[in-house]
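Dear colleague,

I am passing on the structure we spoke about, with some notes on its aromatic side chains. Please have it open while you read on.

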Amino acid sequence: MPPSADVVIIGAGIVGSSIAFHLTAAGVKNVLVIERETRQGLGSTGKSMGGVRAQFATDVNIRMSLYSIPFLNRFEESTGYPSGYKPHGYLFMATNQGHIDYLRTNFARQQALGLKSIQWLQPDDIRKVLPQLRSDDIIGGTLCPTDGFVDPNSVMTGFMARAVELGATLWRGTEVTGIDVENGAVTGVKTTNGSISTRTVVNAAGPWAAGVARMAGAELPIEPLRRMLVPTEPFPGLPERLPMIIDMSTGWHFRQEGLGLIMAWADPEQQPGFRTDFDPTFIEKILTFAANRVPSFAELAVNPRRCWAGMYEMSPDHHSILGPAPGLRGLFFANGFSGHGVMHSPATGRILSDLILHGKTDIIDAETLSVRRFAEGRAIEETAVL
Ligand SMILES: Cc1cc2nc3c(=O)[nH]c(=O)nc-3n(C[C@H](O)[C@H](O)[C@H](O)COP(=O)(O)OP(=O)(O)OC[C@H]3O[C@@H](n4cnc5c(N)ncnc54)[C@H](O)[C@@H]3O)c2cc1C
């Protein structure tokens, strides 16, 4: 007889770790997490910018954040480990009436769902946040002070360490190579470390999720998309505390990191694919946006060797895909976060634990994020993707 587990989680990134935590906290003892790398964090989680925000455009994403951000704030009480949560805010800056209308709609939706701290800013308020801004074309914006940053590695390892204390097992350096299915139900997984018998498998394989789903004969519409980040050398004269600042005219955004900045921009020319090499020509593109919005940033220095790239796991409507695989008992998806997997990892862990144990959850309407939405014409576009 092969060894058995109540639940096998494939992937020990922040999502698999949160699910392991939530399952063990709910009383499941025999949870096995399988990670092919010899340490955690070598997938998308270790490449993340660590941003957390509730400023989304759809109800379901706002609700995911309204569960997750307070959870990250009290992370240490729940897990015993720090999350590094810094409530420095996210500031969206509008430069045309279309942006203003968009932000006003989102603002009303966010407030209606209970985000009380969101603020509407006038151009003068924005200038106070960063006096060096070129603000002649800025006509308003929104700031949510409970948005901010966490340390993704700390959250991931905190979730996993607590899960292990509660009885979960983590196998590192072990790849899942197959998912066994009999009569429409999962019966086990094959790994480079032998077979495991189980009736419940969770796909938490990040950008590799579509390939893992195919092991069980399931289709999952997820594509990896390279995403590059540019840290700068220390830069004098910045305010002590800055929010994530998003220039809606270009999509360029940045936050403080140590004495310098980390800058990001979604290059529309980037094509899907498994690429994590950093393209040095990206530095000039991003510095152009930076100097255009903050003239003194023309002096920013960047060491190309400190820049990096990782992969977003993109779904067709930029929402995660959560819950059971249709027509296949025992396979669950926790995939397709489209750039939001760190900030939504707490809600995801809770939702997956609820769905596995009880078949329902009260965090969101789980049908909204079911993979069936694509076949049934219920995709819900998230436009606030950075
Ligand atoms: C540059 C960049 C910036 C980002 N910024 C943010 C941000 O500011 N805020 C935010 O919320 N999100 C951000 N994201 C997105 C976020 O990082 C991801 O959504 C999140 O990390 C996904 O976590 P995961 O656990 O699903 O995937 P991963 O961290 O990729 O973990 C998946 C794990 O599965 C393992 N695996 C895969 N296949 C197998 C197999 N067959 N057998 C065993 N193990 C397997 C992999 O080795 C990997 O460790 C960013 C991403 C990038 C690339």
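Over the ring of which residue does the charged end of Arg-104 sit? It sits over the ring of Trp-120, 3.9 Å from the centre of that ring, where a charge counts as over a ring if NZ of Lys or CZ of Arg is within 6 Å of the ring centre and within 35 degrees of the ring normal. Arg-255 likewise lies over the face of Phe-149, at 4.7 Å from the ring centre.

Please bear in mind that this is a predicted model, in which local features need pLDDT of at least 70 and side-chain atom pairs count only at pLDDT 80 or more, while totals for chains, interfaces and linings use all residues. Residues are numbered from 1 along each chain as its sequence is written, and side-chain values use heavy atoms, with hydrogens and water left out.

The structure holds 16 aromatic pairs (rings of Phe, Tyr and Trp, the last by its six-membered ring, with centres within 6.5 Å; planes under 30 degrees apart are stacked, over 60 edge-to-face, and the rest tilted). One of them, Tyr-67 with Phe-71, is stacked, at 5.9 Å centre to centre and 25° between the planes. Both belong to helix α2 (residues 59-73), and because they are four residues apart, about one helical turn separates them. Phe-71 is buried, with a relative accessible area of 10% (buried means under 20%, with a 1.4 Å probe and protein chains only).

Phe-107 and Trp-120 are both buried, and they pair edge-to-face, at 5.7 Å and 85°.

How values were computed: Helices (H or I, at least four residues) and strands (E, at least two) are DSSP runs, numbered from the N terminus. Buried means under 20% relative accessible area, exposed over 50%, partly exposed in between (1.4 Å probe, protein chains only).
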